[in-house]
Amino acid sequence: MPEAENQYCIIRMRKVKMTALKASQIHNERLTDRHSNPDIDTDRSDQNVVFFKTEDITDDVKKRIADIQSRQKRKIRCDAPVAIEYMITASPEAMARLSKQELERYFAECLSFVEARHGVGNRLSAVLHLDETTPHLHMLVFPEREGKLDAKSFFKLPALTALQDEFAIKVGKQFGLERGVRLTELLEKGEKPHRHQSVAVYKAKKLKETERKLAELEQTTADLAAVEAITPKKGVLSSRVSVTQEEFETLAGQAKAYAVTKETFEKRSKSLIARERVVSRREALLDSSERLSERNKALTAQNKTITEEVFQLRKKLSSEKSKNSVLLARIAELTRLKQVEKELNELKARLKDFEFYKNIHDFLKQRTRNFDEFIQQVDRWARKNKEPAQQKQLNRRQNGPER
C-alpha cells in the first residue's frame with residue numbers, strides 16, 4: 001500500500017480488571033526481562049520513556065475503590081474493571097515520516113488528550129515504548145466518573161465514536177494524520193466492519209509471509225551457489241559455458257555473497273521457527289482464554305438468571321408468608337369468636353334459668369305483697385277491736401262491777 005494511504009492516527013483502549021492490573025504494569029514498565037512478545041528488543045528497552053508511574057498500582061487502585069465504596073451503599077463487584085488502558089500510535093509509515101522532535105510532540109499531545117478526558121488525578125501510568133517495531137504509548141487511567149467507578153460508560157458506542165472523532169481533530173490533524181474509516185461509512189458501502197486482529201494472529205500471518213519470502217530467497221541462493229562449481233579454464237571453452245576470468249570472479253563473489261545471505265537467512269529461519277512456537281503457544285492460550293471468557297460470560301448470565309429466580313421465589317415466599325400470617329390471624333380470630341359464641345350460648349342458657357327463677361320470684365313477691373296487705377288489714381282490724389275492749393275494761397275498773 002502506498003505511504004500516502006497509511007497516514008492514520010490510532011487510539012485504542014481496553015478494560016483492565018484487578019487480576020490483570022499488575023501484569024499490565026509489568027509489561028508496560030518492563031519490570032522483567034522475560035517477554036511473550038518476540039518483537040521486543042531488550043537492548044533498546046532503556047530508550048523507553050516513563051512519563052509517570054505508580055510504585056504499587058494495585059495498592060493505589062484498591063485505596064481509590066475503598067474511598068468510592070465508603071461514599072455509596074451499592075457494593076462494587078469484585079470483577080468490575082478497575083482501569084482503562086490506552087494504546088496510542090499511528091500508521092508505521094506515519095511514524096517513519098515524523099522526525100524525532102515531531103514524534104516527541106505527538107506523544108505529548110496524546111498524553112494531554114487522555115489527561116483532559118479523564119482528569120490528571122485519575123492517571124495511573126504512562127510509558128512510551130521505543131523498543132518495538134513501531135513506537136506507541138501505553139497509558140493506564142482510573143475510570144472514575146461523577147464519584148463512581150464507571151468504566152462501562154466509556155465503552156458505549158457513541159462514546160467510542162466520539163473518542164475517534166475528537167482524537168483525529170485535536171491530535172491527529174496537527175501532524176497530518178487522518179481518522180480511520182467510520183463504521184457508518186463501511187455499512188453504507190455494504191462492507192462488513194472488521195475487528196482489530198490480536199497481536200498473536202497478526203504476527204502469525206507476518207511469520208507465514210516471511211517464511212514464503214525466505215523460501216524464495218533460499219531457492220535463489222541455491223541456484224546461484226551452483227556457480228561456485230564453475231572452474232575457469234583459460235583459453236579453453238567449456239562444454240557447458242564459457243566465461244572470462246573477470247566474469248568468473250564476479251560470479252564467484254556474488255555466489256559467496258549469497259552464501260553469506262543464505263547463512264543469515266538460516267539463522268533468521270531458526271529465530272522465526274522459535275517465534276512461531278511462541279506465537280502458537282500464545283494463540284493456544286488466547287483461544288483457551290477466550291473459551292474461558294465465553295464460559296465465564298455464560299455462567300455469569302446463568303448466575304444472573306438464577307439470582308433473579310431466587311429473588312422472585314423469595315419475593316413469592318414473602319408474599320405467601322404474609323398471606324399465611326393473615327390466615328393465621330383470621331383463624332385465631334375465628335377461634336376466639338367460637339369461644340365467645342360458646343360463652344354466649346352458656347350465658348343464654350343461664351339467662352333462661354334466671355328468667356325462670358325471676359318469674360317465680362316475681363310471683364312470690366306478688367303473693368307476699370298481697371299477704372302483707374292482708375296481715376296489715378288484720379292488724380288494723382285487731383287494733384280497732386282491741387281499743388274498745390280495753391276501754392270497757394278500764395271503765396269497769398273505775399266504776400266497779402255492773403249491777
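Glu85 has Leu140 of β5 as its bridge partner. The model is predicted: local features need pLDDT of at least 70, side-chain atom pairs count only at pLDDT 80 or more, and totals for chains, interfaces and linings use all residues. Residues are numbered from 1 along each chain as its sequence is written, and side-chain values use heavy atoms, with hydrogens and water left out.

**The sheet**

Helices (H or I, at least four residues) and strands (E, at least two) are DSSP runs, numbered from the N terminus. Two strands pair if DSSP finds at least two bridges between them. Five strands form an open sheet in the order β1-β3-β5-β4-β2, with antiparallel pairing. β1 (9-17) and β2 sit at the edges, each pairing on one side only. On average, neighbouring strands of this sheet are turned by 15° against each other, direction ignored.

**Strand β5**

β3 (residues 81-90) pairs with β5 (residues 136-141) in the antiparallel sense, over five bridges. Met87 stands opposite His138 of β5. β4 and β5 also run antiparallel, joined by six bridges. They form a hairpin with six residues between them. Ser125 stands opposite Leu140 in β5.

Buried means under 20% relative accessible area, exposed over 50%, and partly exposed in between (1.4 Å probe, protein chains only). Six of the six residues of β5 are buried, so the strand is largely enclosed by the rest of the structure. In a regular strand the side chains alternate between the two faces of the sheet. On one side of β5, His136, His138 and Leu140 are all buried. On the other, Leu137, Met139 and Val141 are buried too.

**Helices on the sheet**

Contact means heavy atoms within 4.5 Å. Axes are lines fitted to C-alpha atoms, for helices over the stretch in contact; angles run from 0 to 180 degrees between N-to-C directions.

| Helix | Strands | Angle to β1 |
|---|---|---|
| α1 (18-28) | touches β1, β3, β4 (123-129) and β5 | about 135° |
| α5 (157-170) | lies across β1 and β3 | about 140° |

**Ser45**

Ser45 is in the loop between α1 (18-28) and β2 (49-52). Is Ser45 buried or exposed? Ser45 counts as buried because its relative accessibility is 18%. Its side chain makes a polar contact with the side chain of Asp131 (2.8 Å). A polar contact is a pair of N or O atoms within 3.5 Å; within protein, one must be able to donate a hydrogen and the other to accept it, and residues adjacent in sequence count only if both atoms are side-chain atoms. Leaving aside neighbours within four places in sequence, Ser45 is in contact with Arg30, Ile40 and Asp131.
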